[in-house]
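Here is a friendly walk through one protein model, meant to be read with the structure open beside you.

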Amino acid sequence: MAAVDRFDLLYREISRSCGSYFEVLAVVGALYTVRRAVLLLSKCCTVVRVHFLPRMFPIKKLTQRYGDWAVVYGASQPVAVAYAEELARRGVSIIFVTQDHAAVRDAAAAISQSHGVEAVVVVVADFAPDQAAGKPVKDATRGKDVGFLVNCVDGSPATPPSFIEMPEGSALDTVNKNVGVATLMTRLLLPGMVERGRGAVVNISSGACCRPLSGRAMLAGCTGYLDHFSRALHLDYGGKGIFVQSLMPFQIAASEPRPSSSSSPSSTEGWFVPKPEVYARHAVSTLGVSNRTTGYWPHTLQYGLMRCIPEWIWVLGSRAFVSLS
């Protein structure tokens, strides 16, 4: 390279010597931009396919595709009741499985009266380890074409900010209700679905399974189990006519504030915090379309943005949010 004493001449010499490298870098940059654009377009098409097309062009009746009856566990959660009501609106009869009859009695009567389903049965089951927990469920479903099982995580009990402050009994009860019972219910009803060659298992967990949340260790663990459990079941039984779906909603409005996976209980209803009825209407439309989804397209946008944030930044933000709340 010739000696130069001016910056513009130096730049010109460097450009002449490294011109081929600049061209390679430009090609690499162009390919990367095209790749990101294709991925973005693919994700947009997925959102349209999962959340919009099924609502614009509904599939055949759910009762014809899956069955006439749905078993719903977790009706203490507003989203589970709303999901059951949406199924009833589409002609599906409901069996509520609960440990508290009073918690769902009024909801069961209202659903039966409003939608004219054949019957709404409330089964009181004791899920203690030393009890024959499956017998009431088997008795209630005997002879019925059960095509749906809906398990919903119970996120209502307030938990201490520190895991070690949680009483041992409360920890075991939380795992039993959110993990043990959902697994047992699936074990009880899945054989009949496989025998009939059709059915749907819907596990409603939470967006908490997507990222670690400070002060939400139990919720993140239980929802993470249900998410992976659903995905593994879909791999095993998807080819046998069984559709297993993992629903991961973010915050849903409720009549009484409750802890949520990604926001404070004081949040009010809005576009990103839908009513349970609105969420259920969107979520049911994704049944048979996507085996893992938030169920509601604004929540899918939230999920996409959350996945773009590096985990270490997410953890710092989560800790800051918990310390301020």
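The report below goes from the overall chain to the sheet, then to one residue and a pocket.

## The model and its chain

This is a predicted model, in which local features need pLDDT of at least 70 and side-chain atom pairs count only at pLDDT 80 or more, while totals for chains, interfaces and linings use all residues. Residues are numbered from 1 along each chain as its sequence is written, and side-chain values use heavy atoms, with hydrogens and water left out.

The chain holds 11 helices and seven strands. Helices (H or I, at least four residues) and strands (E, at least two) are DSSP runs, numbered from the N terminus. Of the 325 residues in the chain, 42% are buried, where buried means under 20% relative accessible area, exposed over 50%, and partly exposed in between (1.4 Å probe, protein chains only). Among contacts with a separation of 6 or more, 74% link residues 24 or more positions apart; a contact means heavy atoms within 4.5 Å.

## The sheet

Seven strands form an open, parallel sheet, in the order β3-β2-β1-β4-β5-β6-β7. Two strands pair if DSSP finds at least two bridges between them. The edges are β3 (120-124) and β7, each of which pairs on one side only.

Let's look at β5. Strand β5 (residues 199-204) pairs with β6 (residues 242-247) in the parallel sense over six bridges, and five bridges join β4 to β5, also parallel. Ile-204 in β5 is the bridge partner of Cys-152, and in β6 the partner of Ile-204 is Leu-247. Gly-199 stands opposite Ile-242 in β6. Six of the six residues of β5 are buried: Gly-199, Val-201 and Asn-203 point one way, and Ala-200, Val-202 and Ile-204 the other.

## Helices across the sheet

Helix α4 (residues 78-89) lies across β1 (69-73), β2 (93-98), β4 (146-152), β5 and β6, at about 160° to β4. Helix α8 (residues 217-237) lies across β5, β6 and β7, at about 160° to β6. For these angles, axes are lines fitted to C-alpha atoms, for helices over the stretch in contact, and angles run from 0 to 180 degrees between N-to-C directions.

## Asp-227

Asp-227 sits in helix α8. Is Asp-227 buried or exposed? Asp-227 is buried, because its relative accessible area is 2%. Not counting residues up to four places away in sequence, Asp-227 touches Cys-209, Ser-246, Met-248 and Arg-292. Asp-227 and Ile-204 are 23 residues apart in sequence and 8.6 Å apart in space, C-alpha to C-alpha.

## The largest pocket

The largest pocket has a volume of about 760 Å³. On a 1 Å grid over the protein atoms alone, a pocket is an open set of points with protein on both sides within 12 Å along at least five of seven lines, and lining residues have an atom within 4 Å of a point. Grid points are joined across faces, edges and corners, and the volume is the space filled by probe spheres set on the points.

The lining of this pocket has 24 residues, with Lys-43, Val-47, Thr-300, Tyr-303 and Gly-304 nearest its centre. Two or more lining residues come from each of α2 (19-56), β7 (292-293) and α10 (297-308), and α2 gives the largest share, 10 residues.

Note on methods: 1 Å grid on protein atoms, 1.4 Å probe; cavity = no way out; pocket = protein on both sides within 12 Å on 5 of 7 lines; lining within 4 Å.
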